There are 4 protein chains.
Amino acid sequence: MPPNYPSILRQIAEAVRPEIGKGKVAGYIPALAKVPPDKFGIAIETVRGEQYYLGDADERFSIQSISKVFTLALAFRLEGENLWNRVGLEPSGNPFNSLVQLEYERGIPRNPFINAGALVIVDILLGHFSDPKAALLDLIHNLTGQDDIHFDEEVARSERETGYTNAALANFMKSHGNIHHPVAAVLDVYFHQCAIAMSCRELARAFLLFANHGSVPATGERMLTSSQSKRLNAIMLTCGFYDEAGEFAFAVGLPGKSGVGGGIVAIIPGELAIAVWSPGLNEHGNSAVGIKVLEMFTTLTGMSIF
Amino acid sequence: MPPNYPSILRQIAEAVRPEIGKGKVAGYIPALAKVPPDKFGIAIETVRGEQYYLGDADERFSIQSISKVFTLALAFRLEGENLWNRVGLEPSGNPFNSLVQLEYERGIPRNPFINAGALVIVDILLGHFSDPKAALLDLIHNLTGQDDIHFDEEVARSERETGYTNAALANFMKSHGNIHHPVAAVLDVYFHQCAIAMSCRELARAFLLFANHGSVPATGERMLTSSQSKRLNAIMLTCGFYDEAGEFAFAVGLPGKSGVGGGIVAIIPGELAIAVWSPGLNEHGNSAVGIKVLEMFTTLTGMSIF
Amino acid sequence: MPPNYPSILRQIAEAVRPEIGKGKVAGYIPALAKVPPDKFGIAIETVRGEQYYLGDADERFSIQSISKVFTLALAFRLEGENLWNRVGLEPSGNPFNSLVQLEYERGIPRNPFINAGALVIVDILLGHFSDPKAALLDLIHNLTGQDDIHFDEEVARSERETGYTNAALANFMKSHGNIHHPVAAVLDVYFHQCAIAMSCRELARAFLLFANHGSVPATGERMLTSSQSKRLNAIMLTCGFYDEAGEFAFAVGLPGKSGVGGGIVAIIPGELAIAVWSPGLNEHGNSAVGIKVLEMFTTLTGMSIF
Amino acid sequence: MPPNYPSILRQIAEAVRPEIGKGKVAGYIPALAKVPPDKFGIAIETVRGEQYYLGDADERFSIQSISKVFTLALAFRLEGENLWNRVGLEPSGNPFNSLVQLEYERGIPRNPFINAGALVIVDILLGHFSDPKAALLDLIHNLTGQDDIHFDEEVARSERETGYTNAALANFMKSHGNIHHPVAAVLDVYFHQCAIAMSCRELARAFLLFANHGSVPATGERMLTSSQSKRLNAIMLTCGFYDEAGEFAFAVGLPGKSGVGGGIVAIIPGELAIAVWSPGLNEHGNSAVGIKVLEMFTTLTGMSIF
């Protein structure tokens, strides 16, 4: 018998209420800094199509790094295991940012979820699509059934105007031969993917792909092989939360991905996807309340991959 | 219906036969260097007590770093979450060895499975036991029901005679205040724990503790809470295979731990533990055949935590 | 009595003849790769105006990093000690390139002679001059009396087309707030300064400024205070030769600066400047024959600052 | 005409008086922590035998790292250029301590003045002397004419009791094969050399060896070739002041060596040696007043190697 999700969601919301609005909203671009810190939404969708949600679960926000899972899925489907010649599979394990490791490892990023890795994934997509931004939106429209999900151009423009670290990473990898297309083209796609706006409900539905072993529950369309889906889940578990990945695996024990917009999505293989949004971040750049919600969720449901 | 384990084991043994005896046996101490490279054993034990094995599954070998799971379990049971004040939970992610990271992070090892972390765990055990070596053997005797498992003193002596890196790590952490007991005492326990000799069948049985959510199937004795057991599994998945942890999670997808003696143990939560022994190592210091065996095992059984 | 410079130059030329044409010419841009490896020139000019030279001492070549001394002199004259708020004074001491150190030190380059430091110096000049390229040529025209020294535009263009590492450095420092002008403007000046073409005789004369405690011997014009001149010499001694700076100080014992075009200039304070050109580089990126020439020069003249 | 040293010393003493007693005395061992912070002495001795001094110039203090110049001189005399196979010549350039660099460079210390390098020098001396401690005292007795200079055994004992970082370094280099004798023997010599007690006047006289191109002025005994002496001076200039070496070369411009006991010795080649003692340290571990004294000394005398 599946858990009583509505009751569990209410319990969680009750418990984290005092924390909501605390933490520091990402402030590196104005469009993110102005998001009200007390936004809070949760959405669950099961592989059977049941939906549970509360709070601001229908309000769209900047998904930021969560987009890296979508671009990775696109690239993995097209390249298969060849992908790993250009980007690694290991946790970055580095409290300092990734430039150091990138230098020691000669332009091969540790994994596709650090910024450098996501830039290489974009470069790969540029070799397959004349318009990777459109291809990415297509995928998300397919996964969610929502055709009006799009880029927030104000966010994308702000990302570009402050994106010197990403420009440094792309130029550095280009100097090592691991970026094949013009740096400006790579950055343009990257700044847009970070600026996709989605709601918790849309994110939960989109991530059902990974909970459902690679096919879309609503349509039955197979997008990834079962093996590819499992492997993406493994990467999410080991690399999905910056240098807090081990901590998250330890405390929550689910594959997932976070973004500095305050969103987190996680999945229980074979069962469901859950998305949380709360903009206040902890010192690792992950949603503080989001982590807590997921921790409680696994405790209360007793669900765990371990 | 559970998979047909005997048939699967035979298929695997057939497939890896050409690889057996290849790879480089650990050569840093004579006692390990003289192990015949063509040794090969597999053992499975399920939480229901069924046992399947083949090859040299009853021959004892040096478990080396696999012992770190046992000392961690002992320390975690005693200290609970306080443990994480003195050792981290994050993958080390460093192809260079851990001294660099240890320096940047002021003497706090990244996780309990790198050598530095295992030395801190020993230091913690020295605060709880007058004879941590005896306590460690007691635990293993309890888990396996085999009272004659012991230290290979020749191996322990060799470890000490060549253990300058470990002496460097312990002294360095002592300079940062993260080793409380005399360096010599810490090293003595550490060199002994690496020198424990166990067979595949014994290792599989001992690791049932982690497949069985913290209680020993044979006796029903609860050693860890269910939550503690899950958390140890999460650490094994993210940190159990040196800098190949992400690769292993990606390709195999099971919590486990390897040792340079050529042993690997992995678990499927709720179902079984599987131990492999093949002394030839890959470039990451993990048993080359062992990794391959586990990869085939998950493919053939369709079992995965993802 | 001053040494017999003509005889000493002949002795040196004789001794290094078998080495000429060996080593690897810088090949990262075509314009440098096509320079004949057997070019060889030496020029000495004393503070009293005596000139001694042999070989290809009148042929112009790409001065590359030697230009960093000229831009530093310009910036130091304008900013004085404030300069050191934005760039350090310490040897980089890093066999890996400077990106790592730059990251640990939050965008403040270790010294003005590593590329990152030279980019900051350009950024500073952009705050003082509407046309820093013209200002730089003016300085060199003043120092040498040669008004036709100019940029090799083919080299400058090639530098830009392959300058991804420098673009990475400039973007990275911009992300840390240590580049104030547009990255493209900074890179344009930098790629041009590296492309200045000068001969050994012109370089020796220009560096007399530093041998003559800050005033130009030919005109008497004071460009730097005596203290500033001494300080620039100290930086040349400790930082002028990439990660071979200590080796050079040990073997030669003179302040100087090298470039990957195969040029090296060094000075004996109060006495002379000496420039050598031989395009074959050693593994540190310094002219192999050039280092040898200077080592012999100090041995044969008995001149040393130590 | 040489400068009026007595007048200059008085001027300096006057100027730095307000700074004396400030700064932080080295506190890592009790024997150093209890030194009164307001101690202050200066001593000059010229190669012609003239002596000038003031303040506590006759009081002995712990010379600490200054001893590394003496052990290096001993080893260089015995090994010649072979020495550089086991220790480098480059500035360490690392604000973090040297363990990181040692790891990247496989156990070869960057230079003989970082602790790791000094330990290798001791290991070399252990291959030449049955009693390196006696050999070291012999050298110092010869250089100074003072036979009662000896180790402060209380300091040596304290060094040992807290010397975990040095034990880590020695063990780590032993693991890389760059320490040939037992770690304990190496550390014993090292802890004693740091504990040598000398006065400013004795230090100034001892360092005349390096000002006088390798022979002892008082006796005419040649200890180093002229070339060896110059080279030791070059190392002192580039590596003598930890990660402040470039700063010191820039501001003072003389070869020298500092110790955490608050002593600094510097030389003007061909002219004199000057020793200062003031226990308050700056953030780089060098005597704050000592640096200032030397800076003023070069300004007021106009003496500089540049």
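Helix α1 (residues 5-16) of chain D lies across β1 and β2 of chain D, at about 20° to β2(D). Axes here are lines fitted to C-alpha atoms, for helices over the stretch in contact, and angles run from 0 to 180 degrees between N-to-C directions. Helices (H or I, at least four residues) and strands (E, at least two) are DSSP runs numbered from the N terminus. The model is predicted: local features need pLDDT of at least 70, side-chain atom pairs count only at pLDDT 80 or more, and totals for chains, interfaces and linings use all residues. Residues are numbered from 1 along each chain as its sequence is written, while chains are lettered from A and ligands numbered from 1 in the order in which they are written.

**The sheet of chain D**

Helix α13 (residues 288-301) of chain D also packs on the sheet. Helix α13 touches β1, β5, β6 (263-268) and β7 of chain D, and its direction makes about 145° with that of β7(D).

The sheet is open and has 5 strands, in the order β2-β1-β7-β6-β5 (chain D), with antiparallel pairing. Two strands pair if DSSP finds at least two bridges between them. β2 (51-55) and β5 (256-258) of chain D stand at the edges with a single partner strand each, so one side of each has no neighbour in the sheet. On average, neighbouring strands are turned by 5° against each other, direction ignored.

Within this sheet, β1 (residues 41-46) and β7 (residues 272-277) of chain D pair in the antiparallel sense over 6 bridges. D:G41 stands opposite D:W277 in β7(D).

**Chains and contacts**

Chain B superposes on chain A by a rotation of 180° with 0.1 Å of shift along its axis (RMSD 0.0 Å). The same surface serves both copies, as 100% of the contact residues of chain B recur in chain A. Two residues are in contact if their C-beta atoms, placed from the backbone, lie within 7 Å.

| Chains without contact | Distance between nearest C-alpha atoms |
|---|---|
| Chain B and chain C | 10 Å |
| Chain A and chain D | 10 Å |

Chains A and C do meet: 14 residues of chain A are in contact with 13 residues of chain C. On the chain A side, α4 (99-104) and α8 (164-175) each supply at least two residues. α8(A) gives the most, with 8 residues. By class, this side of chain A has 8 nonpolar, 4 polar and 2 charged residues. Ala, Val, Leu, Ile, Met, Phe, Trp, Tyr, Cys and Pro count as nonpolar, Asp, Glu, Lys and Arg as charged, and the others, Gly among them, as polar.

Methods
Least-squares fit on C-alpha atoms with pLDDT ≥ 70 in both.
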